[in-house]
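Please look over the structure shown here before reading on.

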Number of protein chains: 2
Amino acid sequence: MTEQDSTSRIEIVIVGSIGLDTIETKFNRQIDVLGGSVSYACAASAMYAETGMVGVVGDDFPGEYMDLYREFGINLDGLVTEAGKTFRWSGVYDDDMINRRTISTDLNVFETFQPELPPSYLDVPFLLLGNISPELQLHVLASAREPEFVVADTMDLWINIARDPLMEVISKVNMLTLNDSEIRLLTGEHNLKKCAQIVREWGPEYVVVKKGEHGAMLLSEAGIFLVPAYPVDEVQDPTGAGDSFAGGFMGRLASVGTVDNASVRDALLTGAVVASFGVEAFSLESLKGLTADAVNARLAELKAMITL
Amino acid sequence: MTEQDSTSRIEIVIVGSIGLDTIETKFNRQIDVLGGSVSYACAASAMYAETGMVGVVGDDFPGEYMDLYREFGINLDGLVTEAGKTFRWSGVYDDDMINRRTISTDLNVFETFQPELPPSYLDVPFLLLGNISPELQLHVLASAREPEFVVADTMDLWINIARDPLMEVISKVNMLTLNDSEIRLLTGEHNLKKCAQIVREWGPEYVVVKKGEHGAMLLSEAGIFLVPAYPVDEVQDPTGAGDSFAGGFMGRLASVGTVDNASVRDALLTGAVVASFGVEAFSLESLKGLTADAVNARLAELKAMITL
């Protein structure tokens with residue numbers, strides 16, 4: 001994080017959405033809080049390694065949120081401001097804090113988003129293609145010179161309307177992450193182990209099935225690894241949990257530097273812990289003051305919970 | 001399992017229901033197959049330690065099922081046959097093999113069941129009070145002379161209609177097991193960690209929250225242990241999974257002999273593995289040929305899935 005060599009300092013690049021979210025839970029209702037997959041993922045990742053953000057905001061994007069990105073230490077060379085309004089999403093969580101209803105989605109400047117890697121990002125070793133259209137993921141992937149480890153996330157929308165380019169993305173990445181209902185939709189299988197086996201045959205060496213409050217499952221050459229979710233005292237806002245999980249994972253993996261079965265498993269646990277902090281407050285609030293020490297303490301706790 | 005001393009040979013006693021189940025899944029429909037909590041739990045437990053069954057059947061109970069109990073090596077001193085029909089349950093599973101609808105429940109001889117420990121069971125060290133009315137659980141518990149470790153299971157029905165005697169059961173047992181929706185109903189809390197903390201304050205040193213396909217959570221003095229579910233290739237019939245989990249747990253714990261945090265965690269993993277075999281075929285089919293060696297092989301696999 002202190003390295004300043006101009007050609008290689010960015011260790012992780014994350015592309016995805018930036019939004020202003022209006023979120024209602026049984027605890028609270030907050031309007032236009034900072035959200036979007038790339039916000040959560042970069043905030044989580046930047047704790048561990050120099051992270052560059054590729055995204056777009058409108059000219060209404062609050063300066064305080066831009067400052068917050070900087071406070072997190074996120075490199076903003078790839079953040080573009082366009083004339084118009086920032087992407088907005090609004091949703092209401094059920095009392096179980098798991099199920100949610102989308103009230104409105106206004107793509108605004110995100111609708112015509114054409115992500116480009118700025119020169120300082122071209123040699124990035126760790127690349128996280130957040131949930132945007134597979135065509136745009138392919139474009140970003142093609143412009144990265146020699147990424148060592150590429151992770152892609154996706155969602156039901158792209159499985160339904162852009163299957164062919166999505167399959168091309170899947171064939172080209174090292175890891176695919178998606179949630180249980182999405183991988184079932186993608187493969188037409190119900191059993192999650194079979195789903196992951198099918199996707200792995202399409203290319204990715206690592207397949208991660210996210211199961212929300214129930215953790216995640218990794219399938220790799222070494223077999224299955226069951227990633228537990230850290231049992232938090234109180235979920236305040238589950239928005240972005242999957243993104244801070246992915247960001248924490250990438251950050252930890254990049255900071256270790258080597259990618260193998262052990263480092264991937266360790267990084268997944270780290271991601272789970274970062275996500276557990278993330279859901280304990282609204283928006284990015286609980287990630288703000290989070291330190292690697294606090295993450296490591298909870299990581300030790302989580303490891304004890306799966307140790308005989 | 002080979003000890004034949006008449007006063008102390010029974011290491012585990014399990015009380016619960018015996019039923020003839022009619023089960024429909026997307027794979028199959030089977031009529032009047034052997035079921036009931038005590039059937040599954042004893043079949044699982046008897047693999048590890050001499051297990052006595054306390055239950056009731058009608059005079060229509062098929063001789064082949066009685067033979068099957070004997071094949072499992074279950075001691076039947078506490079099994080009573082009464083005039084009338086055996087308890088029957090009928091249900092249909094959704095395609096997800098998780099949710100189910102009860103089509104009919106005919107208590108028959110189970111309605112007036114008064115479980116009694118026969119003399120050979122009175123000195124049993126490990127006692128599993130399966131899901132029957134709390135009054136009957138208290139009666140059985142009172143007649144056991146000096147049980148070392150008592151586990152009780154329960155269900156929403158008793159939480160709703162027999163809360164006071166259930167609270168007395170809870171105050172007197174070493175471990176309470178119940179599923180996530182039941183412990184939420186019992187405590188009025190949603191967060192499962194808080195639920196378990198509340199119940200633990202009521203008496204049981206060990207509280208186990210069962211989460212079906214998502215495993216289970218143990219809370220004890222040593223903190224939380226997350227019990228993963230073994231990811232099976234195909235669930236054929238989830239009926240009795242919680243009971244074979246409890247039975248496998250008790251069997252393994254009794255065979256080890258000492259009850260401490262390490263042995264309880266190990267026994268819970270064993271229970272999860274036994275349950276995973278149980279759901280791979282209808283009724284007790286897959287438990288029939290199951291050996292401790294096969295369980296141990298899968299146990300090693302499961303342990304590798306939670307090892308960094």
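## Strands of chain A

In this predicted model, strand β1 (residues 12-15) of chain A pairs with β8(A) in the parallel sense, and four bridges join them.

**Around strand β8(A)**

**An open sheet of four strands**

- Four strands of chain A form an open sheet in the order β3-β2-β6-β7, and the pairing within this sheet is mixed.
- The edges are held by β3 (29-35) and β7 (100-106) of chain A, each of which has a single partner strand, so one side of each is left without a neighbour in the sheet.
- On average, and with direction ignored, neighbouring strands of this sheet are turned by 20° against each other.
- Strand β6 (residues 88-93) of chain A and β7(A) run antiparallel and are joined by six bridges, and R88(A) has D106(A) in β7(A) as its bridge partner.

**D32 in both chains**

- D32(A) has its place in strand β3 of chain A, and its phi is near 50°, which is a positive value in a residue other than glycine.
- Is D32(A) buried or partly exposed? D32(A) counts as partly exposed, because it has 17 C-beta neighbours inside 10 Å, whereas a buried residue needs 20 or more.
- In chain B, D32(B) is placed in strand β3 (residues 29-35), and its phi is likewise a positive value near 50° in a residue other than glycine.
- With 17 other C-beta atoms within 10 Å, D32(B) is partly exposed.

- S283(A) belongs to the loop that lies between α9 and α10 (285-288) of chain A.
- Because 25 other C-beta atoms lie within 10 Å of S283(A), this residue is buried.
- Which residues are in contact with S283(A), leaving aside its neighbours within four places in sequence? They are Q30(A), V33(A), L34(A), G35(A) and D237(A).
- A41(A) is 242 residues away from S283(A) in sequence, but the two are 12 Å apart in space, C-alpha to C-alpha.

**Chain A as a whole**

- The secondary structure of chain A consists of 11 helices and 13 strands.
- Taken along the principal axes, the box filled by the C-alpha atoms of chain A is roughly 50 × 45 × 40 Å.
- A compact globule with 308 residues would have a radius of gyration near 19 Å, and the 18 Å of chain A agrees with this.
- Of the 308 residues in chain A, 50% are buried.
- Among the contacts in chain A with a separation of 6 or more, 67% are between residues 24 or more positions apart.

**The two chains together**

- Chain A is superposed on chain B by a rotation of 180° with 0.0 Å of shift along its axis, at an RMSD of 0.0 Å, and that is the relation of a two-fold axis.
- The same surface serves both copies, since 100% of the contact residues of chain A recur in chain B.
- The contact takes 21 residues from chain A and 22 residues from chain B.
- On the side of chain A that touches chain B, at least two residues each come from α7 (192-201), β13 (223-227) and α9 (261-278) of chain A, and β13(A) gives the most, with four residues.
- Sorted by class, that side of chain A has 11 nonpolar, four polar and six charged residues.

Notes:
Residues are numbered from 1 along each chain as its sequence is written. Chains are lettered from A and ligands numbered from 1 in the order in which they are written. This is a predicted model: local features need pLDDT of at least 70, side-chain atom pairs count only at pLDDT 80 or more; totals for chains, interfaces and linings use all residues. Copies are superposed by least squares on the C-alpha atoms of residues with pLDDT of at least 70 in both. Two residues are in contact if their C-beta atoms, placed from the backbone, lie within 7 Å. Ala, Val, Leu, Ile, Met, Phe, Trp, Tyr, Cys and Pro count as nonpolar, Asp, Glu, Lys and Arg as charged, and the others, Gly among them, as polar. The radius of gyration is taken over C-alpha atoms; the globule rule is 2.2 Å times the number of residues to the power 0.38. A residue is buried if 20 or more other C-beta atoms lie within 10 Å of its own, exposed if 12 or fewer, and partly exposed in between; C-beta atoms are placed from the backbone. Two strands pair if DSSP finds at least two bridges between them. Axes are lines fitted to C-alpha atoms, for helices over the stretch in contact, and angles run from 0 to 180 degrees between N-to-C directions.
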